[in-house]
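Student: I would like a close look at one part of this model, and then a connected account of what surrounds it. Please take the part slowly and keep the account careful.

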Amino acid sequence: MADLTLIASTPATGTLPVTRGTMTLSQADPGPLTSIAPYKGQAGAVSDALQAATGLALPGVGTCATGKGAIQWFGRDLWLLSDMAAPDLPGAALTDQTDAWVTLDLTGPQGAEVMARRVPMDLRLAAFPEGATARTEMHGMMVSVTRTGPDALRIMAFRSMAKTLAHAMIEAMENVAAL
Amino acid sequence: MRLTCPHCGTRDLREFTYGGAALERPTGDWGPAWDAYVHLRENPAGASFEWWQHDVCATWLKVDRDTRTHVISQVTEARA
Amino acid sequence: MSRIAGGLIDRTRPVSFTFDGHAYQGFAGDTLASALIANDQRTVARSFKYHRPRGILSAGSEEPNALVTLGRGTGQEPNARATMVELREGLAARSQNAWPSVGFDLMEVNDLAAPFLTAGFYYKTFMGPYRIWERLFEPAIRRAAGLGVLSKEAADLRFEKAFAFCDLLVIGAGPTGLMAALTAAEAGADVILADEDFLPGGRLNSDRQEVGGQASSAWAGEVTARLEAMENVRILRRTAVTGVYDQGTYGALQRHAPGPTRPLETFWRIVARHAILAAGAVERPVAFANNDRPGVMLAGAVRTYVNRFAAAPGQTAVVFGASDSVHRTAADLRRAGVHVAALVDARDAPCDLDVPFYPGAQVERVLGREAEGVVIRRADGTEERVQADLVAMSGGWNPLVHLSCHMNARPVWRDDIAAFVPAPGAVPGMIPAGACNGEVTTAACLAAGRDAARQVVSDLGLSGASPDLPEAEDREARAEPLWVVPGKGRKWVDFQNDVTTKDVEQAARENFRSVEHMKRYTTQGMATDQGRTGGVTALAVLADATGRSIPGTGTTTYRPPYTPVHIGALGAGGQGKGFAPERFTAAHPVHLSMTAPMIEAGLWYRPSFYPREGEKTWRASCDREALMVRNSVGICDVTTLGKIDVQGPDAAEFLDFVYTGTMSTLKVGRVRYGLMLREDGQIMDDGTCARLGEAHYLVTTTTAAAGLVMKQMEFAAQVLRPDLDVRLMSVTEQWFQAAVAGPKSRDLLNDLLDAPLEPEDWPFMACGAVSVGGVPARLFRISFSGEHAYELAVPARYGESLFRQLVARAESMGGGAYGMEALNVLRIEKGLLTHAELDGRTTAYDLNLKGMMKRSKDFVGRAAAGREGLLDEDRPRLVGLKPTGAVKQLTAGAFLFDPEAEPTRPNAQGTISSVAFSPTLGHFIGLALLKEGPDRHGDTVRMVDHLRGISTLCEVCDPVFFDPEGGRVRG
């Protein structure tokens, strides 16, 4: 039995924040993350239970909802609760994802232009308004993109790929800044 | 090429993986039906039913694609 | 200097550049081609095959002659078209395919050998002995032919990619495209307007005409400014749409304005609900003798240089064609102060210009190495020589139908304009309009652009008034087809590939009559310009030679790209670090600080071994690490193994379906080894399955197969067994996991964990929750080394810290970290499997694991694995090998033979899958797949490694070399 303290480290993105032109990339801490996968026919009940416990219902496909914490659609029959501990939800598979993701915030007026160089999706404000979220692909990485504000996008990728994600983003920011 | 995921909407090919011909898995011991399922494939000029996965949302899809025109007439969840 | 007044260049911004080392000056707004013309450079290149001197032929992307090399070394870019290179300060361009210089090129001797270098000569060199071809022809051809060369240094050219989405993509910003974009944009459509020029306007910038009561170039500038001010419009200048793909996807190559921090090019993938093809038309040359000489230029290009770039391509001109537009060229030249020595119109047409006029006449040939004059054949058959340093020719116009043909459609011939136009409905969602659709006047183009856009606007469900059509020229420019001028001499149809009318005729004579055969035999149309200038002329020649009509002869297939695209642009983002994601475990900094060489395992980077002072080879470190595990305790980062969380009421039944074994009977808190098959009965992957709760399992996969297994499990859940209620979630990233292996592993953990392990609670293959420094963790008593061992998992954020603590404690106990090499030694000593054995061709039976296949229930691969052939005793099956001969080394991949048999392929009895030097046993050991292997323990076989030239005798033995009873792992 030891007198032992484990020190937490953040995903290894390299040095952040970084600013290129009008855009800034920083590492965010979205707090505890829990995936919620309701079992067959349980989505409604799970949504109700979640709402009762947290005030947040399961949002529709491609959207997210925020309150005390936040919940976003995350895939087929799958949602991701962030910034709060998950309540007990008997009708769903809950999985702790807190350490599984690296979360980066891209802020500035040219977010759509930067992301156009990285993901095959239309992320302009009109097509991807505040509250929109999507799963997509970036340089071989499965990512999640959420619009958190008119000039703010949040990008998540696997924690082990933090460095590649940051590199890809900064390169795109540099190329947009150079135009 | 673009496919319309029933969840995510129309997306670029790079988000998908081809999963082979959409065949029904036989039951029971090995026999001609299994041989056909594992080994034999049509090479249709025209309608082709295929499994694809939308990797980013994990949904397996059934895609109805015309091999001559590349027109995708239908995409549904695999077991919709 | 041949700079004249006017033009659209910016004379306030002079630009210095060099060509072949000589310093010149141009202006902002020049291309390299216009600046070279303004500086009186006539010969700028050498031709591909005959090394004939070549000048600038065109003013656009169709340029076949003026290919130059830009930059040097890592920034070198060969085969840039001078007509497309925007002049920039310090630009250094060089001529290519010439030695010692473009003016005096020794390889011009090829031109004298032209009779031997005709169509198909290359193929004819294949006839006769191969050695002659290999030793004589091939090297000679390689030296003589070709264009620009690569620097052979790693390119330092930066490329980017981008995706764009719009309601309407307008391809081309000439009169049609500008009007279409304006109409759609004003109705509120989301519009992208792409044009390969840096200045939108197309022919509006090249011809002297009025649109909307002002100079056409001014109108183009005004509309461009209006479009630029609109939020729903994106103008992509310098952007060529290069290909049309399924579901409204378009490839487009954008060359960026010169700038040091910019990428060279961006490759766009544009998804457009609708497209308007307004690509315009390119002018055809006329085939007359020596029509490739410097000074011979397309008439429309002459107007472009004079009107847009204020650069006179000559002092005395002969203008030749069979259309009203050549009269316009003559008028523009006169206005620019160029002497027009002859206007030669093959038609018997009137002329209202005060220039020497030759109706019904033809230019028969060009005189001089660079044009010095021409021979004109008058209507009455007499000849006249006229001095001129510029020959402007026009054989009519080819609508740019290419993009309409990328989805397999063929263009249709229109006799009235003697040209191919896009077939109706050629590309779903694309409307061809304007000159590319056969329109010949500016007014008709403007109207066609507006009409096409109106249709798109209506299809989009938008409304709104269309802009008024501006007044524009609508005088029908009459023209007659003019292909080949009779007479002797070589007449070029494909300038870049040096193909003449004679070559096309010869192809027809040698029975390459199909247009596809003629193309390949002569190489006509196979150059970077894809036959844009001379392609239809070649068809006319072939049609004539074979007695068919032009539409009867048909066109070749048009394929992307429309214009050359750097491979770097297509692969943008994939250079260097962008090639594939790099995956690092949380303990990566520790591995680096311990100077471990990292090796790739899939996308992951894993430590190979941890060198210590005095260890000179990897083997020394590996042996030490393996013995450390056997004798005390070792720590290994095993985070990279795939981990899949399986939850749900039917989780147990689901796992029984995907595994060969039975996971439903596994007790909570226990782990079982499992095999997953493919549906063809071969093993897909192996790993452990831990039951964390009644309806909660954790599956592990090998590092390399994690993604594949997840995909197949999702397939099983969604497609094969949708009746089962189960949810899958990858948790590979959530957990950092380390193996703690060796006789002292429990001691180490008891010193580390918040509560000591009670031996009765933690038998072999137990699992459960523990706590480390207050952090909830998972512990699995599993072993890949044959030792008493555990794997400890903590949330990834604590991984680095935990690994440091584990290694420090292990080192204090005489152990330490071990890497992939030692891990491999330890597992081979125990006969445990990796993908060296699970190579996609092995079954459970082959690996002596037939007992793991349940009989009671269906599972993936069950039916196929039961096939007779897969249970044949003769199949190679897993054994161990020990060297017994003089050579004490085994090598992976070597073949096994009976000791007396010839070591040839038909006699092979099996192969070696894995080898290691076992420091525990003191000799090499190997795992092998040997025919009837399990029945041959004790036999001797011969290992022959043909590649490395190693041969030795081996004894066949049980694959478990170390502790076969398993006392250590359970102890």
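Student: At what angle do helix α5 and helix α9 of chain C pack, and how far apart are their axes?

Tutor: In this predicted model, helix α5 (residues 175-186) of chain C packs against helix α9 (residues 442-459) of chain C at an angle of about 35°, and their axes are 7 Å apart. The crossing in which α5(C) passes α9(C) is right-handed. On the α5(C) side the contact is made by C:Pro175, C:Thr176, C:Gly177, C:Met179, C:Ala180, C:Thr183 and C:Ala184. Sorted by class, the contact of α5(C) with α9(C) has 11 nonpolar, 5 polar and 2 charged residues.

Another helix of chain C, α17 (residues 651-658), can be described through what covers it, for 7 of its 8 residues are buried. The buried residues are C:Ala651, C:Ala652, C:Phe654, C:Leu655, C:Asp656, C:Phe657 and C:Val658. Their cover includes the strands β34 (642-647), β35 (671-677), β36 (683-693) and β37 (696-701), together with helix α18 (706-720), of chain C.

Those strands belong to an open sheet of 5 strands in chain C, in the order β35-β36-β37-β34-β38, and the pairing is antiparallel. At the edges of this sheet stand β35 and β38 of chain C, each of which pairs on one side only. From one strand to the next the twist averages 30°. Within the sheet, β34(C) and β37(C) are paired in the antiparallel sense over 6 bridges, and C:Ile644 stands opposite C:Val699 in β37(C). Helix α17(C) packs on this sheet, where it touches β34, β35, β36 and β37 of chain C, and its direction makes about 135° with that of β34(C).

The strands β48(C) and β49(C) form a hairpin with 4 residues between them, and C:Gly949 in the turn has a positive phi of about 70°.

C:Gln315 lies in the loop between α7 (299-308) and β18 (316-321) of chain C. C:Gln315 is partly exposed because 14 other C-beta atoms lie within 10 Å, a count in between the 12 or fewer of an exposed residue and the 20 or more of a buried one. Leaving aside residues up to four places away in sequence, C:Gln315 touches C:Val338, C:His339 and C:Asp389. The C-alpha atoms of C:Gln315 and C:Leu930, which are 615 residues apart along the chain, are separated by 85 Å.

Chain C also meets chain A, in a contact that takes 48 residues from chain C and 39 residues from chain A. On the side of chain C that touches chain A, the elements that give two or more residues are β8 (159-171), β34, β38 (727-730), α19 (745-752), β42 (789-795) and α20 (799-812) of chain C. The largest share of that side, 6 residues, comes from β8(C). By class, the side of chain C that touches chain A has 21 nonpolar, 12 polar and 15 charged residues.

Chain A itself is assigned domain 1 (18-30 + 100-178) and domain 2 (33-96). The centres of these two domains of chain A, taken over C-alpha atoms, are separated by 24 Å, and 9 residues of domain 1 of chain A are in contact with 10 residues of domain 2 of chain A. The elements that give two or more residues to the domain 1 side of this contact are β9 (133-138) and β10 (141-149) of chain A, and β9(A) gives the most, with 3 residues. By class, that side of domain 1 of chain A has 4 nonpolar, 4 polar and 1 charged residues.

Notes: Residues are numbered from 1 along each chain as its sequence is written. Chains are lettered from A and ligands numbered from 1 in the order in which they are written. This is a predicted model: local features need pLDDT of at least 70, side-chain atom pairs count only at pLDDT 80 or more; totals for chains, interfaces and linings use all residues. Domain bounds come from an automatic or database domain assignment. Two residues are in contact if their C-beta atoms, placed from the backbone, lie within 7 Å. Ala, Val, Leu, Ile, Met, Phe, Trp, Tyr, Cys and Pro count as nonpolar, Asp, Glu, Lys and Arg as charged, and the others, Gly among them, as polar. Axes are lines fitted to C-alpha atoms, for helices over the stretch in contact, and angles run from 0 to 180 degrees between N-to-C directions. A crossing is left-handed if the near helix is turned anticlockwise from the far one by less than a right angle, and right-handed if clockwise. Two strands pair if DSSP finds at least two bridges between them.
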